[in-house]
Amino acid sequence: MSLRLLRVLPLAAMLAHPLHAASALQEWESVLDEARGQTVYWHAWAGDTRINDYLDWVKRRVRDEHEVELVHVKIDDTGSAVSRVLAERSAGNHDDGSVDLVWLNGENFAAMKENDLLYGPFAEQLPNFSLTHPEHNPEVVTDFTLPTEGYESPWGKAQITFYYDAEALDEEPPRNMAQLLAWAEINPGRFTYPRIPDFLGSTFLKQALIALADDTDVLYEPVVQSDFEAVTAPLWEYLDALHPHLWRRGRQFPANGPELRRLMGDGELSLAFTFNPAEPAAAVADFELPESTRSYVLEGGTLGNVHFVAIPFNSPRRAGAMVVANFLLSPEAQARKQDLAVWGDPTVLDVTRLDAETRSLFEQESDNPALLPPEALAETLPEPHPSWMTALQDAWQARYVGR
Amino acid sequence: MLRLAPLLIVTLLVGPILAGLTMALLPAFGYLPALGGERLSLAPWRELFAQPGLARSVAVSFASGLVTTAVSLAVVLLFLASVSGSRLDRWIRRMVAPLLSLPHAAAAFGLAFLIAPSGLLARLVSPELSGWQRPPDLLIVNDPWGLTLMAGLVVKEIPFLLLMSLAALPQFDPERRVAMARSLGYRPMTAWLKVVVPALYPLIRLPVYAVIAYATAVVDVALILGPTLPPTLAVSILAWYQDPDLSRRLVASAGAVLQLGVTASALAVWWCLEGLVARLGRAWLARGGRGQGEQPLRLAGKGLILLASLTAFVGLAGLALSSIAGLWRFPDALPQAVTAAHWLRALPTLAGPVATTALIAIGATLIALALTLAALENEQRSGRHPAEGKLLSALTLLYLPLIVPQIAFLFGLVVVMESLGTRPRLWLVIFGHLLFVLPYVFLSLSEAYRRFDPRWSQLALSLGTSRHAVFWRVRLPMLLAPLLTAGAVGLAVSIGQYLPTLLLGAGRIATVTTEAVSLAAGGNRRVIGVWALVQASLPLVGFLIAVGLPRLLWSNRRGMRGSL
């Protein structure tokens, strides 16, 4: 923790010092000038109409406010954007890339960072970045235990949230991993998780591993430093017991979180989980789930993380991309994103440190029975080192694919 | 100028494919400087063969190529043999166009919703007949052996092979052949199978090969209907190419080369089967059986094709219903409420992609038509006819984009384009579509063009008309109907393209198909329904024009209205 703090200290000092603040402001003015008239291509997952509609709104706002033209390049997998940047670098395109901004999670961030595919550091230069108060919220400057070092700017938060149809479930839903196994045995075929290497599916593995492993400290170091076989043995034992009671007896798994939601809507599943705590409530509003949907988190908390935006190393429109990233961190944009009627993605700003008027933007009426109150999400488990995710994915594939 | 047309076509089609393949081949052997791979090695292959489930992936890809093709071809031939000119037959022929224009992904979504345990069929029989209060836990869609995938492909390949057969049949006057055989006492279906099929098959051989290649390497249909643990080889390759772990790109390249091998072996096996069937067939012909038990065959021919068409349309109807559904719980056969919300939400975002889709499709189709006409007219004037059905004629290269799997060369092509300094632009996407539109347009138009009665041109020439004028004022107007049909096929092919649009456009060029696929990642069937319907209706416009325009223009010339 102290290491991370050290890294953000210079920024805090810079913002505290009026002279530096003045020059930073000047610098930002020049970024704004440069951004004017630029067209920014933002590669972002587009599987959800609500997210797409929100991005459309962002597009209109940055056009009006900063004369930046934002284009949402709709992709079905973030990997394809990473792939694209790599193809450009293989072809020697170092300054005229086609991706200006990309919506990332830890796994893709680690891959891009390792291959020098990112531009930065830039996050600290964004005036709104200070509203996240990184000195109090280290999760906005770490992605899967890796320090972001200003190479990506936080955008939103996620946490594993379970949901179920209260009318279809006679008993209380399971609150921990052991109960989940017992519940699946009584309700065969009514629960499953997305197939690996899907992001949500992999997160389920990590969640289970944290709950089942004897020593969780090793999960926050690179996997090579520990005995993978020994650490993960309880997980495989658990999954071997669980799989025969899963949907389709574990011979097939849904592709991703949204498919899990569709299967819930079709009545094939009785219990599912998501990475967006507001998703169940939003899906009820969109007729995808019944009104009797309820959500909860496991005892002892669930995995949560922050998702980010980053700028590829060869983007020719970095100024425009930075202006967009900064706008995404504005209280206006963050509050709208958190609004359940819009998207429902929790803010990365430190709301407690905002002034009263701005804070009021974030107040939600929480009378929606499918939605969890914010305090229910207080217990967040940090993400393991990214190497664990890859190792788990490979081990899962080797065990369960092609059998 | 005209003489250059075949050369231009071949260069346009073969160049990019060879370049793309090279850029897949090098990384497959470890050469990818951007990732530090500068020496040739077999490491990517070792890693590829260590992938769990690889053997099953390969087996399913290989089998789906052969099974899909065999079933589709059998259904088409049985149907054609049983055609008696009834109203049903004419109706089925008319269904060919809309079925062909239905994009593969839309048809696959429809089928998935139709037969899933919580799908339309289960809802219709539940709970009264089946007793299911909740969807049964059955592995139907995404079954490990790819049977659903093959069924989905069969539904889409039948209309293609039927259209190709209908275009080829008039070349050798099947009615007279059948009449002759019948006069020798053969029953009608047996007569057709014995005297028409041997003449027909060589003419539709290349389309059949295209079906084999397509079915072994298809991505979008396999993503929706195919097995998942492991998926088919092509789907695995796509996942490796998109893996955040960038070293997987080497494995992906090796996989792409392997895919090429799988497709080639499926083709080779089919080729051997052809020889076997020919040998057995000759014995069957020589035995001189006049035919018995025709009735079951006749029923099978019509029944199967009807089943395939109905499956596609009912599936699509299910998606249409989804697109206006409010809450729709199992086992309700109909939604509890209907709402326009999904359409109203999509409408503002439809216009841009629809316009782009149309622009690309029309651009690629017009270029393809121009090149095809130039090549065909050159053929007519030089009097040299290509060796039809022979595998090694120059224009066979035309089929290369249909035979070489997209996934094997498109990623390489992107790297090549990047090295040439081209940036993603609309024209690049149009060019990418041309690779696939041109062969289909050529395939659709060539027979009608070659069959065109030369006496019309001779008559016009003898009246002192120039060769150019003959082309513009006699041949083109008289060939309007097949020309428009070929154009409609071209439009449909372009509208359905996903990978070329995504890769060559860097994802920036948003078409209806790219939008539909990215929304499909969200799994919301209501939204998928909206986009699948839009996607399916666009090519239909092309076919409506192809059918309607000749009728309108040639309302006083019955023979020029076309048969489709």
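A:Arg248 and B:Asp137 form a salt bridge, with 3.0 Å between the closest N and O atoms; the term stands for a side-chain nitrogen of Lys or Arg within 4 Å of a carboxyl oxygen of Asp or Glu. The model is predicted, so local features need pLDDT of at least 70 and side-chain atom pairs pLDDT 80 or more, while totals for chains, interfaces and linings use all residues. Side-chain values use heavy atoms, with hydrogens and water left out, and residues are numbered from 1 along each chain as its sequence is written.

| Item | Value |
|---|---|
| Salt bridges | 8 |
| Residue pairs in polar contact (both at pLDDT 80 or more) | 19 |
| Area buried between the chains | about 5,400 Å² |

A polar contact is a pair of N or O atoms within 3.5 Å; within protein, one must be able to donate a hydrogen and the other to accept it, and residues adjacent in sequence count only if both atoms are side-chain atoms. Of the side of chain A that touches chain B, α4(A) gives the largest share, 10 residues.

Carbon and sulfur atoms carry 50% of the buried area, which is the accessible area (1.4 Å probe) lost by two parts on being put together, summed over both. A:Arg84, A:Arg248 and A:Phe287 supply 12% of what chain A buries against chain B, more than any other three residues.

On chain B, Leu26 lies in helix α1 (residues 4-28). B:Leu26 counts as partly exposed because its relative accessibility is 31%, between the limits for buried (under 20%) and exposed (over 50%).

Technical notes
Chains lettered and ligands numbered in written order. Helix = DSSP H or I, 4+ residues; strand = E, 2+ residues; numbered from the N terminus. Buried < 20%, exposed > 50% of the residue type's maximum accessible area, 1.4 Å probe, protein only.
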